[in-house]
Amino acid sequence: MYVAVKGGERAIDNAHAWLAEERRGDRAVAEMSVAQIREQLSLAVNRVMAEGSLYDPDLAALAIKQARGDMIEAVFLIRAYRTTLPRFGASEPIDTGAMTCDRRISATFKDAPGGQILGPTFDYTHRLIDFALAAEGDAPDAPQTTPQTGKTPHITEFLAREDLIQTEPAGTETPRDLTREPLDFPADRALKLQALTRGDEGFVLSMAYSTQRGYGRNHPFVGELRVGQLPVEMEIPELGFAIELGDITVTECETVNQFTGSKTEPPQFTRGYGLVFGHTERKAISMALVDRAMRWQELGEDNVGAPAQDEEFVLSHSDNVQATGFLEHIKLPHYVDFQSELELIRRLRAEAMATRAQEAAE
Amino acid sequence: MTDYNFAYLDEQTKRMIRRALLKGVAIPGYQVPFASREMPMPYGWGTGGVQVSAACLTPDDRFKVIDQGADDTTNAVSIRKFFEKTAGVAVTEKTSEATVIQTRHRIPETVLSEEQILVYQVPIPEPLRFLEPKETETRKMHALEEYGLMHVKLYEDIARHGEIATAYAYPVKVEERYVMDPSPIPKFDNPKLESAALQLFGAGREQRIYAVPPYTRVVSLDFDDHPFDPSKADHPCALCGAEDSYLDEVIVDDTGRRMFVCSDTDFCAGRREDAA
């Protein structure tokens, strides 16, 4: 006898209780604090802040803890919280030239004012599992030096002086806010950059990689990659001047791309741009490559039909919270639509079999 | 949950959604872009419907949620609990007693009245999407009322299968203007789209809202020689005996025997109560 599926409510409550237990893991093992995650899993925290579009390391660390380390789930928690926050106003544009750089490298010039600063990078580590870490070995102190003061000029400025690289027109308009207005096409560059900076790291990386392998190739040099802290300021109308709200860490990448000229533009290097919250190099470089690929129209290049050139394709599919939601929703019941398909297939099949039987008889 | 506003969304966001709803009502079947918010439930799980419900609910409303026609499917339970918690509204499983009904994949069997609002969860609002993936193109097609591609698709179905091979999310034309996706309801439900109730459609991830105002003409696309047929399983309900309701097929034992029961649980339970 058929028993209607009842008790959904109790099943959900029990599932949540089980989930909480699984999240905690073996209680014989000490519980992890949010501060430990913030300090020791900082690159995960950075990714959650970047894709969550909210700069708050403590909250991102808490989201990672709550999400059991599922990064997209943590991003989702941050986004759902962010959307409830009131907007008091907008900050002044940040000046990345005034960044206190932890890391600053150029692949186009051997040396340049401000110097090459390697900083805390995995780049030249040998990827050998460090078993000493399992024994809770404390990290040795790194050597110290006095930090540089003053501005660090952007590498592309030196190319711009000779007109060897395109100049970006300064915009006066306040860019539209992707999180407050529906996305529509064609999107301007500010909107594309917003979508890319919060886009899924894996997706943006793969899109960038596809351009390197020939799907919309635009040979990039990393003109400059810099990571560091800079202040965020906001003008308070009552005061009439800007005050400092605090410091954030960002990663900025400017690529210098080969460009032999087109019908509308003379031969000149062109730029791709990436700017991401936190120390997030892979993402910033990927973003710059995809940004450059999507600029084909503006530069009068050919559309070769590469996925990374197609802004509608890239922007509609870069958001992992949207993507994972729609992908995972197919776990929900679909009895009704499946039933209608079932009846259709039975009917079509019966007709097809009857026709076949008739043909065999003839 | 005192940290959040009534029905979760802040009043500014509700106002933005209400504006989109009003525009949708003014242009029946037209997809209005709106700045969909991240909700505390995943995209694809009814965030569009939830935002529309949040913008419509008042403290006096009585709210019902169905998924696949049933009040007790897990996601329906989850959404109903969400509004119980954030809006404190009364809830019901009785279709006739509800003032706002949020639904996924079904239209209730009980005829709705002018006092009711039916809110649909919509996964892909664009009926032309599977014929043309680009939004820039499909918006142009709607603007120019250029629906030839859809008719060709339906014609090809007939040429290949002898009938239109679309069983759910069957496209309709609203008030002789816009071709609209009625959300993935079985085509059996399509005739019920002409209703006394206000019907609102929310697609959160795709950032679109559209509407069918009461008593609007809604015609399922077809051809004169292949008229629209709202088919269903050719059985009565095994529980209440209804011959005119949409049925779920349930596998009852290891040999694969089937039974057919009403998908609308409130309708089925009501009929059994009346019979008893």
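This is a predicted model: local features need pLDDT of at least 70, side-chain atom pairs count only at pLDDT 80 or more; totals for chains, interfaces and linings use all residues.
**View 1. Chain A as a whole.** Twelve helices and four strands make up the secondary structure listed for chain A. Its radius of gyration is 26 Å, well over the 21 Å that the globule rule gives for 362 residues, so chain A is more spread out than a compact globule. Taken along the principal axes, the box filled by the C-alpha atoms of chain A is roughly 85 × 65 × 55 Å. Of the 362 residues in chain A, 31% are buried. Among contacts in chain A with a separation of 6 or more, 66% join residues 24 or more positions apart.

View 2. The buried residues are A:Leu191, A:Lys192, A:Leu193, A:Gln194, A:Ala195, A:Leu196 and A:Thr197. Their cover includes four helices of chain A, namely helix 3 (42–52), helix 8 (201–212), helix 9 (281–293) and helix 10 (311–317). Strand 4 (270–277) of chain A is also part of this cover.

**View 3. The side of chain A that touches chain B.** Contacts between the two chains involve 38 residues of chain A and 46 residues of chain B. On the chain A side, the elements giving two or more residues are helix 1 (8–24), helix 5 (71–82), helix 11 (320–328) and helix 12 (335–361). Helix 12 of chain A gives the most, with eleven residues. By residue class, this side of chain A divides into 18 nonpolar, eight polar and twelve charged residues.

View 4. In soluble globular proteins, nonpolar side chains tend to be buried together. The largest nonpolar core in this model has 58 residues, and B:Leu21, B:Leu57 and B:Val119 have the most contacts inside it. Helix 3 (residues 74–87) of chain B supplies the largest share of this core, six residues. A second, separate core has 48 residues, among them A:Leu59, A:Ala208, A:Ile285 and A:Val290. Leaving aside residues up to four places away in sequence, B:Leu21 touches B:Val52, B:Ala55, B:Leu200, B:Ile209 and B:Ala211.

**View 5. The sheet of chain B.** Strands of a sheet pair through backbone hydrogen bonds, either parallel or antiparallel. In chain B, seven strands form an open sheet with mixed pairing, in the order 1-9-8-5-4-2-3. Strand 1 (32–33) and strand 3 (90–91) of chain B are the edge strands, each pairing on one side only. Strand 8 (residues 198–203) and strand 9 (residues 208–212) of chain B pair in the antiparallel sense over five bridges. In one of these bridges, B:Ala203 has B:Arg208 of strand 9 as its partner.

**View 6. The two domains of chain B.** The domain assignment of chain B gives domain 1 as 11–134 + 168–220 and domain 2 as 232–276. Between the C-alpha centres of domain 1 and domain 2 of chain B, the distance is 25 Å. Contacts link 15 residues of domain 1 of chain B to eight residues of domain 2 of chain B. The side of domain 1 that touches domain 2 in chain B consists of four nonpolar, four polar and seven charged residues.

Definitions and conventions. Residues are numbered from 1 along each chain as its sequence is written. Chains are lettered from A and ligands numbered from 1 in the order in which they are written. A nonpolar core is a set of buried Ala, Val, Leu, Ile, Met, Phe, Trp, Tyr and Cys residues joined through C-beta atoms within 7 Å. A residue is buried if 20 or more other C-beta atoms lie within 10 Å of its own, exposed if 12 or fewer, and partly exposed in between; C-beta atoms are placed from the backbone. Two residues are in contact if their C-beta atoms, placed from the backbone, lie within 7 Å. The radius of gyration is taken over C-alpha atoms; the globule rule is 2.2 Å times the number of residues to the power 0.38. Ala, Val, Leu, Ile, Met, Phe, Trp, Tyr, Cys and Pro count as nonpolar, Asp, Glu, Lys and Arg as charged, and the others, Gly among them, as polar. Domain bounds come from an automatic or database domain assignment. Two strands pair if DSSP finds at least two bridges between them.
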